[in-house]
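User: Please take a close look at one part of this predicted model, the place where two neighbouring parts of the chain meet. I would like one connected account of it.

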Amino acid sequence: MSASEAAQVLETEAQVTFRFSDGVEYHAISQPGELLLDVARKNDVPVTWQCLTGSCGSCICKVEEGEVSSDTGRLLSLLPSEAKEGLRLSCAALADTDCVVELDYPSTFSEDHEAHQDIGTVTELEWVNHNTVRLVMELPEDTAFEDFEAGQYVQLQVPGTEEWRSYSMSSTVKELPEMTFYIRVLESGVMSDYLRERCQVGDQIPVDGAYGVFYLREEKVPQIMIAGGTGLAPMLSMIDTLRQNNFRRKPVILAFGCSHEKDLFAQDELEMRSDWMPNLDVRTCVSRPEGEWDGNQCRAQFAITADDITDEDTLAYLCGPPAMTEDAKTRLISLGVKAENIHVELFESL
Ligand SMILES: Cc1cc2nc3c(=O)[nH]c(=O)nc-3n(C[C@H](O)[C@H](O)[C@H](O)COP(=O)(O)OP(=O)(O)OC[C@H]3O[C@@H](n4cnc5c(N)ncnc54)[C@H](O)[C@@H]3O)c2cc1C
């Protein structure tokens, strides 16, 4: 499309079709300059969203027909390869022409997963390596969080501040009212400073959620999980959910990667799960070992090979920092995993 054509189409309204994974369609009119998410919310289209800043990825959609541009003035947590494939964040996207956008979840998802607010009480804070803590909180007995999906995240308010940060549960619904998180403690940061300097058993932490469309699809196909650092958290929740649901017929491969040996954590937990689930193959990777490391010496995505893709419908879940997830996605696609079967959660600061 030429620049003059684009300028022309931007001045007209556009017909937007929102198509959900269960085939349900909603039609709405977008006014010039109106963000796709605003169009959806104004017309009661049940899309998911959360941060409204283009950071969290909850409002992701895929352009199937027509032209939809991104408002790049906003922070965008989309990988360049995802944008190329037609993915957009609807809170930062504009319909330039009539278009069809697909949502990777059923039309009932938002209704079935409303956000809840509760107060959690810290019951454990354990340093599991030099810069990662395992935080366990107890929610009230009658907590409404029992509808969260393995893989989703909540927002935690940092005590003594007005700041909220996102964290993926490593525990499952069955463990409620307990919720467990693995959190990397940065050298400086609002939550990191709290965890390092002030957090104590008995502290009360407001919880809001659950959010996100990174959740276990649990179709009866092989599952590949690639986690970098604390990106392991949602994978633990997914693996435990698969185990609780007796998912034993198809392989589940978890590639967990860190830079150095000292960055690894939850090794006992992973070993225990491998014992419990014969179809679970855990591949722990260290990319830059400092000592004698006899495990995989590579980044996690390189622990997956073409031999692992035994089914064209293999599902993949990637979680960790953006550079790792982008690289892992490119690799899986080159090995034959369908792009639409790859689900990604980016651990970026909001
Ligand atoms: C969906 C989602 C799920 C997540 N799940 C997890 C999880 O399970 N585990 C996990 O460890 N993390 C997770 N994260 C990341 C997490 O939300 C936080 O971003 C992370 O813990 C850092 O928070 P913080 O408050 O310590 O740091 P922040 O205060 O947010 O600071 C982040 C960085 O920015 C720098 N910074 C802060 N303010 C400034 C400034 N004014 N100028 C320049 N630099 C600045 C800090 O030094 C720090 O390095 C997730 C993120 C998302 C989006």
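Analyst: In this predicted model, the C-alpha centres of domain 2 and domain 3 lie 23 Å apart, and the contact draws on 19 residues from domain 2 and 16 residues from domain 3. These two belong to a chain divided into domain 1, spanning 3–109, domain 2, spanning 115–211, and domain 3, spanning 223–346.

Between domain 2 and domain 3 an area of about 1400 Å² is buried, with 56% of it given by carbon and sulfur atoms. On the domain 2 side, the residues that lose the most area to domain 3 are His130, Ala150 and Tyr182, which together account for 34% of what that side buries.

As for specific pairings across this boundary, the count of salt bridges between domain 2 and domain 3 is zero, whereas seven residue pairs, with both residues at pLDDT 80 or more, are in polar contact.

Turning to the secondary structure behind the domain 2 side, at least two residues each are supplied by strand E8 (116–129), strand E9 (132–138) and strand E12 (178–184), and E12 provides the largest share, namely three residues. In composition, the residues of domain 2 that touch domain 3 comprise seven nonpolar, eight polar and four charged.

Terms used:
Residues numbered from 1 in each chain as written. Predicted model: local features only at pLDDT ≥ 70, side-chain atom pairs only at ≥ 80, totals over all residues. Heavy atoms only, no water. Domains from an automatic or database assignment. Contact = heavy atoms within 4.5 Å. Buried area = accessible area lost by both parts, 1.4 Å probe. Salt bridge = Lys/Arg side-chain N within 4 Å of Asp/Glu carboxyl O. Polar contact = N/O pair within 3.5 Å; in protein donor to acceptor, adjacent residues only side chain to side chain. Helix = DSSP H or I, 4+ residues; strand = E, 2+ residues; numbered from the N terminus. Nonpolar A, V, L, I, M, F, W, Y, C, P; charged D, E, K, R; others polar.
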